[in-house]
Amino acid sequence: MTEVTSSMTEKSGSLTRRILELLASGQASTRTELSELLGAAPSTVSFAVGKLLDYGLVTEEGTLSSNGGRPRKVLRLGGGDGYAVAAELGGKHAHVGVVHPGGGLTDTSTVPFATADGPEASLPGLVETLQGLADRHGRELLRGVGLCLPGPVDVEPGLVTLPARMPGWNRFPVRDWLEERFAVPVAIENDANCMAVGEHSVRPAGQRQAIMVKAGTGIGAGVIADGRLYRGGSGAAGEITHVRVEAAHDIPCSCGNTGCLETVASGAALVRILRERGLEVRSTEDVVRLATDADPEATRAVRQAGRYLGMVLAANVNFFNPDAVYLGGILSTLEPFVAAVRSQLYEGCHPLVTEHLVIERAGLGADAGLVGAGQFALQRALAHALHSVTGTHHP
């Protein structure tokens, strides 16, 4: 009897967390929408929503017309004036902003951030920037802090693990360090996963299976399965950058192996390739600038990189059969790159897989990761609030 009760409590807790996630991301705002997205009985959803209303975690505001039916009450997160501050870290800069419940993004800017200097040297300046945002919006309304990182993240303890381009960050307790300084819940996550969650929050409800690819200095992917981020058994789902590619031969990769996709299709690879061909390039931004100006060598290299990425993606798309593939990161701003990826997917996938497949750039563009980081922060804050009033476990 105890095991049955425990199982029922766990299922109830999972349902309430999913309701809060959907309301926080803006994907749902009524009981009917929640029921449809969750595949749960309306009575079950209404009961869970009623509990959240009692706890003050959800409020009702006005109604929506429903095409002849009864007006539907609009659901909002309790304390709707709350917000999260978020940052997406790059090699030399950080993209920062304020994320509101429902996915609204304001006060975005880009500030210097020297990732290579290590966390203890680079994070204090970022904290000062984020605290400035919080001061302008009211510190008492700050609900959480989200950090989007360009490396593998172990979410449970809040650590970066074995990052290839983040010297000094391995196993540094980023989340605990930030929570000590902000005194609110902090969420840290891999950049591709942040982008996947951010982009998914603004996509049609029918696109419940998706692959979000970040193509920048490195390559990563986030996977949305049945409307939720899929992490995999050890949190490494979407790690396509280290798939072996025949054309890469024995080129050394940052992971210590040779012949990985990263060595022929990433921004870092394009810098190396173009330098070998005599072009003056020092960064992925230089590559993008040359390709945008229609430099023939840069355009050829970018198109070939897109083909290699498309080849690896095709295998994953055939296996997973997603509704959509979204392309983000700085290389996705180049039409030859996007066209090459798209062409390779149509060539390498079964017609049934591509018949209704959406292949396009991320609608949120450069803000996708920031929105996702903020969503993770708001969800973690809600999980903490749920735990404080119900005793339900939060991750």
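Me: Is Trp 177 buried or exposed?
Reply: The model is a predicted one. A residue counts as buried under 20% relative accessible area. The relative accessible area of Trp 177 is 14%, so Trp 177 is buried.

Me: Which residue has its charged end over the ring of Trp 177?
Reply: The charged end in question sits 3.6 Å from the centre of the Trp 177 ring. The residue that carries this charged end is Arg 181.

Me: How many aromatic pairs does a search of the whole structure find, and what is the angle between the planes of Phe 172 and Trp 177?
Reply: The search of the whole structure finds two aromatic pairs. In one of them, the ring centres of Phe 172 and Trp 177 lie 6.5 Å apart. Planes under 30 degrees apart would be stacked and those over 60 edge-to-face. The pair of Phe 172 and Trp 177 is therefore tilted, with its planes at 55°.

Me: How many residues apart in sequence are the parts that the pair of Phe 113 and Trp 169 ties together?
Reply: The rings of Phe 113 and Trp 169 have their centres 6.3 Å apart and their planes at 50°, so this pair is tilted. Phe 113 belongs to the loop between strand 5 (105-112) and helix 4 (119-137), whereas Trp 169 belongs to the loop between strand 8 (159-160) and helix 5 (174-182). The pair therefore ties together parts whose separation in sequence is 56 residues.

Me: Which residue in strand 13 is the bridge partner of Val 213?
Reply: Strand 10 runs antiparallel to strand 11 (residues 219-225), and six bridges join the two. With strand 13 (residues 324-328), strand 10 pairs in the parallel sense over five bridges. In strand 13, the bridge partner of Val 213 is Leu 327.

Me: At roughly what angle do the axes of helix 10 and helix 11 cross?
Reply: The crossing of helix 10 and helix 11 is right-handed. Their contact is made up of twelve nonpolar, six polar and two charged residues. The axes of helix 10 (residues 296-320) and helix 11 (residues 335-348) come within 7 Å and cross at roughly 35°.

Note on methods:
Residues numbered from 1 in each chain as written. Predicted model: local features only at pLDDT ≥ 70, side-chain atom pairs only at ≥ 80, totals over all residues. Heavy atoms only, no water. Axes fitted to C-alpha atoms, helices over the stretch in contact; angles between N-to-C directions. Helix = DSSP H or I, 4+ residues; strand = E, 2+ residues; numbered from the N terminus. Left-handed = near helix turned anticlockwise from the far one by under 90°. Nonpolar A, V, L, I, M, F, W, Y, C, P; charged D, E, K, R; others polar. Phe/Tyr/Trp six-rings, centres within 6.5 Å; stacked < 30°, edge-to-face > 60°. Buried < 20%, exposed > 50% of the residue type's maximum accessible area, 1.4 Å probe, protein only. Lys NZ or Arg CZ within 6 Å of the ring centre and 35° of its normal. Pairing = 2+ DSSP bridges.
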